[in-house]
Amino acid sequence: MTTLHEPAVTTTTAELSVWPASTTEPRPGEPAVGGVPLAEIADRFGTPVYVMDEAEVRERCRTYRQVFPDAEVLYAAKAFLCRAMVHWMAEEGLGLDVCSAGELELAVGTGFPPERIVLHGNAKSPRDLETALRLGVGRIVIDSPSEIARLAAAVGPGGHQKVMVRVVPGISAGGHDKIRTGTEDQKFGLSIRDGYAQHAIARILDQPQLELTGLHCHLGSQITSVKPYLAAVRRVVGLMARLREQHGLVLPELDMGGGHGIAYRPGEQALDLTALARRIRDELSGACAAAGIPVPRLIIEPGRAIAGPAGVSLYHVLAVKRTGDRVFVAVDGGMSDNPRPALYGVRYAPRLAGRHSEAPTAPVTVVGRHCEAGDVLATDVELPGDIRPGDLLAVPVAGAYHLSMASGYNMVGRPPVAAVRDGRARLLVRRESLEDIRNRDVGL
């Protein structure tokens with residue numbers, strides 16, 4: 001039997017800790033973000049819908065520039081990208097880290113300077129490389145030995161391209177096995193321990209049209225401790241020192257990637273950016289001094305930590321079903337607009353957003369509408385016991401890896417994105433329609 005808990009109370013500061021800073025509750029049970037009631041957004045744009053707080057995005061960009069004043073900050077576009085986001089990044093002085101020709105063309109087509117863009121990818125396609133060279137991307141991160149000859153040939157004997165090499169330091173860090181990239185047992189980068197990184201660097205130095213500007217090291221995602229970054233700095237600086245001994249090479253840049261962890265539910269730990277910046281700076285200076293090499297310019301690549309907490313997803317409840325001891329609350333979205341719970345077991349904290357309830361809370365499982373048993377958005381979360389079809393649910397921390405990972409499963413169409421700021425909401429990305437889906441199907 002379902003156990004009822006204490007009666008619902010007014011939202012507390014702790015409960016709002018994972019919501020955008022602009023979140024208010026003018027009336028009990030009716031939260032607003034950026035001065036716009038969430039129920040109003042749902043009525044105007046329909047559900048599911050993603051809501052992005054523009055002021056929150058910009059403030060997070062400014063925080064990074066403040067705590068890393070001497071570093072180059074690149075926004076990891078794979079977290080969430082649209083033309084408005086490109087514009088915000090340009091205005092806030094960040095560069096971009098992209099992973100495909102599609103992301104690159106969207107950014108440059110929006111007016112973003114290509115020299116402030118870095119192209120990543122463990123398996124770059126010919127189109128990726130051709131687009132990067134045609135548009136004049138700032139740096140290309142080499143991830144495998146085969147890319148060296150391909151890129152050199154594409155650049156041509158009279159051309160020039162700045163490159164970096166992604167190295168694997170052999171450090172395990174990240175919130176889930178599937179998002180840990182600093183160890184040798186995954187697909188990214190070249191191992192320092194096994195010598196593959198050194199061998200690739202030697203090959204690059206034999207290509208006069210490729211200019212090696214630095215090393216790249218990304219440990220994974222959802223890292224909430226500073227210690228793995230410090231260990232990685234020591235190992236990468238050790239490699240830089242060996243490169244100077246062997247080749248007389250002094251690299252001016254060191255990209256330590258991103259993966260900065262955020263809280264998805266109240267009480268969860270997030271990475272302390274101020275501590276990270278201070279301790280990385282100290283570790284890098286000390287390691288370089290001990291190795292007798294100049295301190296390279298630091299580059300970092302936050303994505304989730306900028307976009308994630310700025311987003312809220314909205315759903316309408318379609319059905320409430322009691323099965324044995326469990327209560328299932330089914331909504332009009334699911335794994336097609338947020339696959340992360342199914343992929344990584346991520347846990348969210350949805351809340352009732354369209355009305356105030358005095359009913360005692362009870363544990364429920366919020367599930368999606370898709371024909372998949374794993375289509376679960378949140379397990380054992382507290383919602384009012386009178387939750388019913390037609391209610392509006394809001395899920396905070398939905399700004400990263402939601403739209404960017406959305407799929408066409410069951411042909412329901414990907415949700416729109418609305419931006420809020422100063423009491424106004426505007427559409428950034430429209431809803432994918434049945435006509436859009438039909439137009440891709442060219443016939444029998």
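Predicted model: local features only at pLDDT ≥ 70, side-chain atom pairs only at ≥ 80, totals over all residues.
**Entry 1: Cys-61**

Cys-61 has a relative accessible area of 0%, so I noted it as buried. I then searched the whole structure for disulfides and found zero. Cys-61 is in no disulfide, and the nearest cysteine sulfur, that of Cys-82, is 13 Å away. A disulfide needs the two sulfur atoms within 2.5 Å, so I ruled out a bond there.

**Entry 2: helix α2**

I went on to α2, which runs over residues 54-67. I counted 14 residues and a reach of 20 Å from the first C-alpha to the last, close to the expected 20 Å. I listed its buried residues; among them are Val-57, Cys-61 and Tyr-64. What caps the N-terminal end of α2? I found Asp-53 there, with a side-chain oxygen 3.1 Å from the backbone nitrogen of Ala-55.

**Entry 3: aromatic pairs**

I found two aromatic pairs in the structure. The rings of Tyr-64 and Phe-68 have centres 6.3 Å apart and planes at 10 degrees, so I logged this pair as stacked. Tyr-64 is buried at 1% relative accessibility, and Phe-68 is buried at 3%.

Tyr-264 and Tyr-348 form an edge-to-face pair, with 5.4 Å between centres and 80 degrees between planes. I placed Tyr-264 in the loop between β12 and α9, and Tyr-348 in the loop between α11 and β16, so this pair ties together parts 84 residues apart in sequence. Tyr-264 is buried at 3%, and Tyr-348 is buried at 2%.

Definitions and conventions
Residues numbered from 1 in each chain as written. Heavy atoms only, no water. Helix = DSSP H or I, 4+ residues; strand = E, 2+ residues; numbered from the N terminus. Expected span 1.5 Å × (residues − 1). Buried < 20%, exposed > 50% of the residue type's maximum accessible area, 1.4 Å probe, protein only. Polar contact = N/O pair within 3.5 Å; in protein donor to acceptor, adjacent residues only side chain to side chain. Phe/Tyr/Trp six-rings, centres within 6.5 Å; stacked < 30°, edge-to-face > 60°.
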